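Student: Could we go through this structure together, starting with one of its turns?
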Amino acid sequence: MKYPCLVPKRLCKTEIHVHLESEGTDEYGQPEKVLDLDLLGNFQDGAKTVWTDEKKLVQITGTALFPGDIAPDWPSLSGGTVTVFGEVRRINRGSKARNPDGTVNYCRLEVI
């Protein structure tokens, strides 16, 4: 059965550079695997207010959505950076949304 893509390619118009780093490190403390991708995705900005003891801090956040599996050889998307609109943001959380048959429908990267 073919499942519908929940992030259609026709809605992915934003140029996004993704730099992924694996969770494991080598003997020099560097990530074991690194992957650089230039993709078209759907990016949504957001902001979050964090209250500190002295004042509040506004933290800029965002979500990047990509159709399909952007890193098929990687079991999870956990670390790295995303460059969008000329700004480099750190990946806070990554996920692969799966269909009932186990294939990846879309990838989601939440950035700070």
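Tutor: Let us start with the hairpin that β4 and β5 form, which has two residues between its strands, and in whose turn Phe85 takes a positive phi of about 55 degrees. Strands here are DSSP runs of E with at least two residues, numbered from the N terminus. This is a predicted model, in which local features need pLDDT of at least 70 and side-chain atom pairs count only at pLDDT 80 or more, while totals for chains, interfaces and linings use all residues. Residues are numbered from 1 along each chain as its sequence is written, and side-chain values use heavy atoms, with hydrogens and water left out.

Student: How many bridges join β4 to β5?
Tutor: Four bridges join these antiparallel strands, and Thr81 stands opposite Arg90 in β5; strands count as paired if DSSP finds at least two bridges between them.

Student: And what about β5 and β6, how many bridges there?
Tutor: They pair over seven bridges, also in the antiparallel sense, and their hairpin has five residues between the strands, with Gly102 at a positive phi near 100 degrees.

Student: New topic: what does Ile70 touch?
Tutor: Leaving out residues up to four places away in sequence, Ile70 touches Leu35, Leu37, Leu39, Leu77, Cys107 and Leu109, where contact means heavy atoms within 4.5 Å.

Student: Where is the confidence lowest, and where is it highest?
Tutor: The mean pLDDT (the predictor's confidence in each residue, from 0 to 100) is lowest in β3, at 88, and highest in β6, at 96. The protein as a whole averages 90, and 100% of the residues score at least 70.
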